[in-house]
Amino acid sequence: MTFMKYSRKTVLTLTAVLLIGILLAGCSGSEPKAAFEEAQTALAERRYSDAITGFEAVIAQDRYLAESYRGLGIALLQQTSYAEAAIAFNKSILNSEGQKDEFLRDVNKYLAYCRLKQGRVSEAKEMYAELIAAQEEPDILYMMGRIKMSEGDTQGAGEDFSSAAALSTDYNMYISIYELYKEHKMDANGADFLQRALDMARTQESDHYGMGVIQYYLQNYEEAKAELIEDLRQNQNDERAVLLLGKTYLAMADAANARAMYREYLDNPNCAAASYNGLAMCDLQEKNYRSALQNIKDGLACNDDTIMESLLYNEIIVYEHMQDWTTAKVKAAAFAATFPTNEAGQRENAFLSTR
């Protein structure tokens, strides 16, 4: 389970838990129920503003409080409103009488993640420790390992990652661990996890995106391209595959195909922001910085929270390449404040503060 890796994967995983696990027992009244279900649908469809409005309307009727506050928290979390999301999750807990332990555990997972995204790392770490003490789960062990890695405790992180992998039957967990090692320039430490991911993925031929990710990291770009093209053939709304396929073309020094592919998906509202982000990466590679800034601006205008963090980070990088240190410094400081757990952003902010 991961969230920019990180933020995005974990939140989507937890959202799936929400949509599967909410219990409606003991509630009556068709209008609040219909409004609640509509809000859940909006959340599943990533219409977060509609979901927020819907859950708030249900809460105003004093119905479905625990479930609605949880849904509200997830929608706010997706919009990077971490403080407000934490308040919603706390209210869900306060109104959770009669809920099962599994429900409370899920809400506490969300709350711990909010604390982490707020930069309240010690609180998040304490919450994850309590969750692990009650029951070890791969996603929570991974999050604990991630915190330890950020603190420089690579041995402790490695132990948590090994435990997470041992309990997981999802090869995406292995990919997430490898990505984190790669992010910290410790590719060799993550190589075994990547190989295990490949071995497991080969038994699950239907997940072309997952196989594409693995082949990309293995630098088998032709194989990655084939898997990602097949993924998009089956699901043209998969913005993850759009972005990664473009990166694969760029890794193959084929900027023309990367740009053409991104342009093809600009008309798809689900992929437009990711496509603009990809076009900005093409511009960056070609040193066309003005165009990169325009594509980032157009991407931000899509208001797609799932790609916002990446767009804002790339904006900093573009200003650095333009040697506009003043603007880059301002952008980096704002990014670091909004995304305190984005380690790459924190490094850029630290670097620029010395310019």
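Phe161 touches Tyr142, Gly145, Arg146, Met149, Ile177, Leu180, Tyr181 and Phe193 when residues up to four places away in sequence are not counted, a contact being heavy atoms within 4.5 Å. The structure is a predicted model, in which local features need pLDDT of at least 70 and side-chain atom pairs count only at pLDDT 80 or more, whereas totals for chains, interfaces and linings use all residues. Residues are numbered from 1 along each chain as its sequence is written, and side-chain values use heavy atoms, with hydrogens and water left out.

Phe161, together with Tyr128 and Tyr262, touches the most other members of the largest nonpolar core, which holds 108 residues. Such a core is a set of buried Ala, Val, Leu, Ile, Met, Phe, Trp, Tyr and Cys residues joined through side-chain atoms within 4.5 Å; buried denotes under 20% relative accessible area, exposed over 50%, and partly exposed the range in between, for a 1.4 Å probe and protein chains only. In soluble globular proteins, nonpolar side chains tend to be buried together.

Helix H12, which spans residues 208-217, is mostly covered, with ten of its ten residues buried; helices are DSSP runs (H or I, at least four residues) numbered from the N terminus. The buried residues of H12, among them His208, Met211 and Tyr217, pack against helices H10 (171-183), H11 (187-201), H13 (221-234) and H14 (239-251). At the start of H12, the backbone nitrogen of Tyr209 has a side-chain oxygen of Asp207 within 3.4 Å, and H12 is followed by Gln219, whose phi is positive, near 65 degrees.

In the loop between helix H9 (154-167) and H10 lies Ser168, which is buried because its relative accessible area is 10%. The side chain of Ser168 reaches the backbone nitrogen of Asp170 at 3.1 Å, and Ser168 touches Pro138, Met173 and Tyr174, again not counting residues up to four places away in sequence.

Arg240 is placed in helix H14 and counts as partly exposed because its relative accessibility is 34%. Ala274 itself belongs to helix H16 (residues 272-285) and, at 2% relative accessibility, counts as buried. Beyond residues up to four places away in sequence, Ala274 touches Glu239, Leu243, Tyr262 and Ile307, while the C-alpha atoms of Ala274 and Asp238, 36 residues apart in sequence, are 9.9 Å apart in space.

Glu315, found in helix H18 (residues 305-321), is buried, with a relative accessible area of 11%. Leu293, Ile296 and Lys331 are touched by Glu315 when residues up to four places away in sequence are not counted.

The second largest pocket has a volume of about 300 Å³, and the closest to its centre of the 14 lining residues are Glu45, Arg46, Arg47, Asn303 and Asp304. A pocket is here an open set of points on a 1 Å grid over the protein atoms alone, where a 1.4 Å probe fits, with protein on both sides within 12 Å along at least five of seven lines, and lining residues have an atom within 4 Å of a point. Helix H3 (residues 48-60) gives the most to the lining of this pocket, with three residues, and the lining as a whole divides into four nonpolar, four polar and six charged residues.

Conventions. Helix = DSSP H or I, 4+ residues; strand = E, 2+ residues; numbered from the N terminus. Polar contact = N/O pair within 3.5 Å; in protein donor to acceptor, adjacent residues only side chain to side chain. Points joined across faces, edges and corners; volume = space filled by probe spheres on them. Nonpolar A, V, L, I, M, F, W, Y, C, P; charged D, E, K, R; others polar.
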